[in-house]
Amino acid sequence: MTQKVAVLGTGKIGEALLSGMIRAGWSPADLLVTARRQERADELRARHGVTPVTNQEAAKTADTLILTVKPQDMGTLLDELAPHVPADRLVISGAAGIPTAYFEERLAEGTPVVRVMTNTPALVDEAMSVISAGRHATGDHLAHAEEIFGAVGKTLRVPESQQDACTALSGSGPAYFFYLVEAMTDAGILLGLPRDKAHDLIVQSAIGAATMLRDSGEHPVKLRENVTSPAGTTINAIRELENHGVRAALIAALEAARDRSRELASGNNG
């Protein structure tokens with residue numbers, strides 16, 4: 001952990017990553033940050049003890065560069081970085097939809113690039129981060145990326161060809177669960193419960209169900225069947241979900257998210 005790591009464009013996810021790395025044992029002295037606004041840079045220094053620098057300084061001095069700006073801002077950032085990034089720097093991209101080839105074409109020949117799709121539960125150390133290697137990235141580079149993102153949750157290596165699908169499932173995944181909780185809370189209110197009680201019931205049910213899925217080793221169908229008694233309340237609810245095409249809608253939604261990830265990769269940011 002003696003290498004210097006720079007997080008460029010340090011928003012909420014970037015700050016969560018910094019915080020997790022520090023808890024995992026990185027020294028703040030080895031962590032650099034860049035931010036658009038000086039007040040944001042000062043805030044990060046005060047909160048975490050990290051060193052704010054310019055993008056050019058980060059490129060020249062850090063061993064690993066983690067690019068966390070929005071996809072539509074990545075081209076501008078790379079134009080700024082390219083003259084200053086030596087080919088031995090590890091570049092980690094957290095931008096949805098942008099392939100490693102995009103970076104390799106704009107940086108020095110041979111620059112190792114690793115693509116990572118993480119998600120917002122990084123804020124509570126429960127992220128799912130999916131990691132893929134570019135043409136010049138080695139197993140050591142992947143292991144280093146896993147060490148960094150493992151500080152805020154779980155990691156999974158996949159071929160880059162599967163990144164768009166992973167973006168649809170886990171990158172956007174938390175939003176689907178929040179949407180479901182929102183809808184179920186509204187249903188609880190319709191059934192006569194106060195909002196706060198409906199919220200607590202649904203959230204704890206979601207936490208319990210997720211823990212069972214993670215720890216039991218059972219297939220979700222088996223776990224669902226365990227709750228579904230003959231002619232009971234659950235099977236009546238599931239029948240309505242099927243009648244309204246909820247399963248098909250979810251599949252279509254994830255396909256739409258995957259397709260949008262592909263569009264981002266092709267440069268369509270509209």
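Leaving aside its neighbours within four places in sequence, with which residues is D125 in contact? The first point takes this up, after a word on the source.

The model is predicted, so that local features need pLDDT of at least 70 and side-chain atom pairs count only at pLDDT 80 or more, while totals for chains, interfaces and linings use all residues. Residues are numbered from 1 along each chain as its sequence is written, and side-chain values use heavy atoms, with hydrogens and water left out.

1. **D125.** Beyond its neighbours within four places in sequence, D125 is in contact with R23, A151, V152 and G153; contact means heavy atoms within 4.5 Å. D125 is placed in the loop between β6 (113-117) and β7 (127-133). Helices (H or I, at least four residues) and strands (E, at least two) are DSSP runs, numbered from the N terminus. The relative accessible area of D125 is 29%, and the residue is therefore partly exposed. On this scale buried means under 20% relative accessible area, exposed over 50%, and partly exposed in between (1.4 Å probe, protein chains only). F149 is 24 residues away from D125 along the chain, and the two C-alpha atoms are separated by 9.6 Å. The phi angle of D125 is near 60 degrees, a positive value in a residue other than glycine.

2. **A231.** Phi of A231 is likewise near 60 degrees, again a positive value in a residue other than glycine. A231 is found in the loop between α10 (220-227) and α11 (233-243). With a relative accessible area of 77%, A231 is exposed.

3. **A82.** The loop between α4 (74-81) and β5 (90-93) holds A82. This residue is partly exposed, because its relative accessible area is 25%. Not counting residues up to four places away in sequence, A82 touches R106 and L107. From A82 to S132 there are 50 residues in sequence and 22 Å in space, C-alpha to C-alpha.

4. **The chain as a whole.** The protein chain has 12 helices and 8 strands. Its C-alpha atoms fill a box of roughly 65 × 40 × 35 Å, taken along the principal axes. Of its 270 residues, 36% count as buried. Among contacts between residues at least 6 apart in sequence, 63% join residues at least 24 apart.

5. **α1 and α2.** Two packed helices are described by the angle between their axes and the distance between the axes. Axes are lines fitted to C-alpha atoms, for helices over the stretch in contact, and angles run from 0 to 180 degrees between N-to-C directions. Helix α1 (residues 12-24) packs with helix α2 (residues 38-48) at an angle of about 20 degrees, the axes being 11 Å apart. The two helices α1 and α2 are therefore roughly parallel to each other; angles under 35 degrees count as roughly parallel, over 145 as roughly antiparallel, 65 to 115 as roughly perpendicular and the rest as oblique. The crossing of α1 and α2 is right-handed: a crossing is left-handed if the near helix is turned anticlockwise from the far one by less than a right angle, and right-handed if clockwise. K12, E15, S19 and I22 of α1 meet R40, L44, R47 and H48 of α2. By class, this contact of α1 with α2 has 2 nonpolar, 2 polar and 4 charged residues. Ala, Val, Leu, Ile, Met, Phe, Trp, Tyr, Cys and Pro count as nonpolar, Asp, Glu, Lys and Arg as charged, and the others, Gly among them, as polar.

6. **α8 and its partners.** Helix α8 (residues 173-190) and helix α9 (residues 195-216) pack at about 135 degrees, with axes 9 Å apart. That angle makes α8 oblique to α9. Their crossing is right-handed. The α8 side of the contact comprises V181, M184, T185, D186, G188 and I189, and the α9 side R195, A198, H199, I202 and V203. The contact of α8 with α9 divides into 6 nonpolar, 3 polar and 2 charged residues. Helix α7 (residues 163-171) also packs with α8, at an angle of about 35 degrees and with axes 5 Å apart. There A168, L169, S170 and G171 of α7 touch G173, P174 and Y176 of α8. The α7 contact with α8 has 4 nonpolar, 3 polar and no charged residues.
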